Amino acid sequence: MKLESNMSSAPVASHKRSSSEGVADPDILERAAQRYLQMSTKEFVEKWNSGFFKQHPELAHKAADVALLLPLLSAR
Amino acid sequence: MPGKTPREAVKAYLDPLQKNAAIVCKGVLRVNNYDILDEVSVLTLTDLAPLSGRADLLLSVVQQYKIIRDPQNGPYRVTTRYYKYAVESENGLEIFGYHWHPEGSSPVVFPHLHIGSGTGIGRPELTCKAHFPTGRVAFEEVIKFLIDEFNVQPDRALWQELSDKTKALFTKHKSW
């Protein structure tokens, strides 16, 4: 999954978010990359997009888990 | 889960999951998209959450979802595109994890269970590599499993009632 993928959108009317509606933010991705792969989000994205993890199957499982969080980088 | 607006649909999706998570931990579930249709979005715990009465076990929850139009029932609803419900040890080793990722790069597109190295099982073909086939697993089933089999102490006296109620909702609205 490329970072650029899955970013197509069909915007609808936006709403003012209430204070009780917390939003998942990119810090969650940063913590996951650090915990599971001991790297920053920036390094993870570069390695994910370059195919680095395909050459390192021992990391593939953890990398796939971290990649699930990539949509958190989408601009809101 | 249907809603009259995208935001309402997301809340109808998020709230039952949060209530179920609250049965076994103090973790907070967050989503990153309340408004945009057809975009792959994320629901996740903000941090790994120690399980009540079993602080040595940490719960990890991630779902990917999309808000879609559903004129017949919604007119909007949320559809799940991925789930991962896992329990880890304190030192970051996965004990087990229920996964389903039909659209990812993995050739494994059926719902499955991973047995992790955190179990202490010394068979590398099993730990993390093997994909044990399962049916689609509801989060509520994982919560019940944790309580029944891992002696996690439920925070809510009415956890059973709540779990049954939200599972019925899931069954009613799931698309497969």
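Visitor: Against which elements do the buried residues of α3(A) pack?
Guide: Contact is scored between C-beta atoms, placed from the backbone, that lie within 7 Å. By that test, the buried residues of α3(A) pack against α1 (26-37) and α2 (41-50) of chain A. This is a predicted model: local features need pLDDT of at least 70, side-chain atom pairs count only at pLDDT 80 or more, and totals for chains, interfaces and linings use all residues. Residues are numbered from 1 along each chain as its sequence is written, with chains lettered from A and ligands numbered from 1 in the order in which they are written.

Visitor: Which residues of helix α3 (residues 57-67) of chain A are buried?
Guide: Buried means 20 or more other C-beta atoms within 10 Å of a residue's own, with C-beta atoms placed from the backbone. Here they are Ala63(A), Val66(A) and Ala67(A). Down the axis of α3(A) they fall within an arc of 90° (taken from the directions from the helix axis to the C-beta atoms), so they line one face of the helix.

Visitor: And how many bridges join β5(B) to strand β6 (residues 76-89) of chain B?
Guide: Strands are DSSP runs of E, at least two residues, and helices are H or I runs of at least four, numbered from the N terminus. Two strands pair if DSSP finds at least two bridges between them. β5(B) and β6(B) have 13, running antiparallel, and a hairpin joins them through 6 residues. Val62(B) has Lys84(B) as its bridge partner in β6(B), while Thr44(B) also stands opposite Val62(B).

How values were computed
A residue is buried if 20 or more other C-beta atoms lie within 10 Å of its own, exposed if 12 or fewer, and partly exposed in between; C-beta atoms are placed from the backbone. Two residues are in contact if their C-beta atoms, placed from the backbone, lie within 7 Å.
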